[in-house]
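Morning, everyone. Please bring up the sequence and the structure on your screens. I'll talk you through them.

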Amino acid sequence: MVVQLPVEPLWAKPFTPLTHPAPSFKYYGLEPGTTILAKGHKRFEGKREFPCDVVFERDSKVPMRDGINLRADVFRLPGEQKVPAIICWSPYGKTGTGLQHYDFMAPFSCGIPADKTTGYEKFEAPDPAEWCPRGYAIVNPDARGSFDSEGNAVYWGPQEAEDVYDLIEWVSKQSWCSGNVTMAGNSWLAICQINHVSRCPHPALKCFAPWEALSDPYRDWFGRGGIPEWVKGFKGLINNGFCGYGQVEQATAMVGPHPFFDEYWATKRIPVENIDIPMYCLASYSSMIHPHGSIRTFREAKTPKKWLRIHPTWEWYDMYVEESINDLQRFFDFYLKGIQNGWETDTPKVRLSLLSFSADGSPSRLVKERPETSYPPERVRLEKYFLDASCRKLVRESLEEEVVASYEGRSLTETVDFTIVFDKYTELAGSSRIKLWMSCPDHDNMDVVVQLRKIGRDGRMLAHNNYPVPVSIAELPQVNTVLHVGTQGVLRASHSCTYNASLSRPDEPFYDHDRGEPITPLGKIVSVDIGIWPWGAVFEAGEGVVVRVAGWDMCLPELELVRPREPELGNKGRHFVHCGGKYDSHILLPLM
């Protein structure tokens, strides 16, 4: 495979020089060598100690096919025993280095006790003190262009897939390696897995565990709904988290010169339908970039040996929960060590969690990882409710007369809300789809955001805390890492013309996003068909759902420092939602 790297203006130098790292970065220098971390060793006071001796091979040089070298840290047991390797790939720093760490990224360190990790773990990755005693080596590389690895940093695509291949080739040939390799980790560490396996899987990779990924960078994140400005603060935070001597691909800025899905974004879309080795997917509802891609990967991968676990917490917290670790080991043991532990016969294909919001006063009970045979469950039915703007409710029958509701499009507070209250216990599981008839007399476009939230018996909108915390939910910071409020769908109305019926599903419209047609004349009433990302919740009688329509991102920011201070989307003037008469504005909810 020949990889053509992009040229200006795709490249720039936002890297922090390693000789003068920023105060928030952690960097311990380039010091190749091998040491023994003795039983009882602690890297820092209060952190986890190693339960046995572990060999630490630091800053090993790994050659790539184009002549550059990456740096990797290896943790393994001493002696002659050959063990499988777990690769944890990302540009975030290989062993407790970088900008991203739990104390900075989430309140209360994401609920992870200080003594649960050693400080040698890579961000979003398994800890060597946990996995080496279980008979595995941990390999933490710095991706191309990050820290002391040579070259220029890239966002996924063919180049990273080849780099992962070359790393697996190197790892599988090491004297300590059994020849069997896997990969693990959250977010970037998961995306790189499906990117590699979908494009050029190495034969030594026997299985993999993408725990919360995305699969289509444009539709899942950079230009979600055809909106280049979507979560631009968080995208900037990620891009500024690189550090190295070269350059970094400016993928976050590419939605400027490339606002439509074009050849550039096509190279980033991951062909997950090619996946044909055993896969253990993880998903949740809490992340604002991972639910859709994780579930798409599970649905479309052609391998029959695939499993999906939807958990009710936050991905970083789940990574270090003992139950999750043991479950992942069963998967790895089966495919990497040949241990006949019943993984394929005893593990449900899908384990489904449904949020209760009980910490915020709901009497309902959490459904945690209930066995299912498919996602969404076969017994789910898409129930149709019409929007009634006269009473702001969801109703079974459309109004005979037209009624209009409106909100200020360029606002960070205004919404139009429609509610339904269930008269019996109800479960919601899957993706929703909403069709809105809308108009704007002041602009030839509309960025429309739709959110689903749970309401309690008192009509109050509820929140779900994502992991254990030492304070009440009312005292928590209003950020998405610790508080989940609901799921969303978004669409730039001018992209409606790119609707692709052949790739759409009953619960999700698909858009090519390859062009846009302004709405003319101003004030024209147009149909906007929006897919709302997968969600799961339980409702007791008297509880319900509120459907919120607005012109702004209603989810909480990942961190306080990326909270929008002013409207970011491209809206102008008021947006009008037309209901009743010939305007059949309605939503399909996946209920059972």
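I'll go from the whole chain down to single residues.

First, the ground rules. This is a predicted model, so local features need pLDDT of at least 70 and side-chain atom pairs count only at pLDDT 80 or more, while totals for chains, interfaces and linings use all residues. Residues are numbered from 1 along each chain as its sequence is written, and side-chain values use heavy atoms, with hydrogens and water left out.

Now the overall fold. The chain has 11 helices and 26 strands. Those are DSSP runs, numbered from the N terminus: H or I of at least four residues for helices, E of at least two for strands. The C-alpha atoms fill a box of roughly 80 × 50 × 45 Å along the principal axes. How does the radius of gyration of the chain compare with that of a compact globule? A compact globule of 592 residues would have a value near 25 Å; the chain has 24 Å, which agrees. That radius is taken over C-alpha atoms, and the globule rule is 2.2 Å times the number of residues to the power 0.38.

Next, burial. Of the 592 residues, 63% are buried. Buried means under 20% relative accessible area, exposed means over 50%, and partly exposed is in between, with a 1.4 Å probe and protein chains only. The chain exposes about 21,300 Å², and carbon and sulfur atoms supply 52% of that. These areas come from the Shrake-Rupley method with a 1.4 Å probe; for residues, only the protein chains shown count as cover.

Contacts next. Take the contacts between residues at least 6 apart in sequence: 77% of them join residues at least 24 apart. Contact means heavy atoms within 4.5 Å.

Charges, quickly. There are 64 positive and 76 negative charges, and their mean positions are 2 Å apart. Lys and Arg count as positive, Asp and Glu as negative; His and the chain ends are not counted. Each charge is placed at NZ of Lys, CZ of Arg, CG of Asp or CD of Glu.

Now some elements. Start with strand β6, residues 137-142. All six of its six residues are buried, so β6 is largely enclosed by the rest of the structure. A137, V139 and P141 point one way, while I138, N140 and D142 point the other. Side chains in a regular strand alternate between the two faces of the sheet.

What flanks β6? Strand β4, residues 69-76, pairs with β6 in the antiparallel sense over five bridges. A72 stands opposite P141 there. Strand β5, residues 83-87, pairs with β6 in the parallel sense over three bridges. In that pairing, I87 has V139 as its bridge partner. Two strands pair here if DSSP finds at least two bridges between them.

Two helices. In α8, residues 291-300, eight of the 10 residues are buried. Among them are H292 and R296. What covers the buried residues of α8? The cover includes α4 (188-199), α5 (217-222), β10 (279-283), β11, β12 (350-354) and β23 (526-539). Then α10, residues 322-337. Its buried residues include D327, F331 and Y335. G338 follows α10, with a positive phi near 75 degrees.

On to W314. This residue sits in the loop between β11 (306-310) and α9 (315-319). Buried or exposed? W314 is buried, because its relative accessible area is 1%. Beyond neighbours within four places in sequence, W314 contacts C110, S286, S287, N466, Y467, N480, T481 and E558. Take C110: it is 204 residues from W314 along the chain, yet their C-alpha atoms are separated by 7.8 Å.

C110 has its own backbone story. Its phi is near 60 degrees, a positive value in a residue other than glycine. C110 lies in the loop between α1 (102-105) and α2 (128-131). At 0% relative accessibility, C110 counts as buried.

V231 also has a positive phi, near 40 degrees. V231 lies in the loop between α5 and α6 (232-239). Its relative accessible area is 10%, so V231 is buried.

Last, two cis peptide bonds. Y375 to P376 is cis, with omega near -10 degrees. P376 is in the loop between β13 (367-372) and β14 (381-388). T520 to P521 is cis too, with omega near -5 degrees. P521 is in the loop between β22 (487-492) and β23.

That's the tour.
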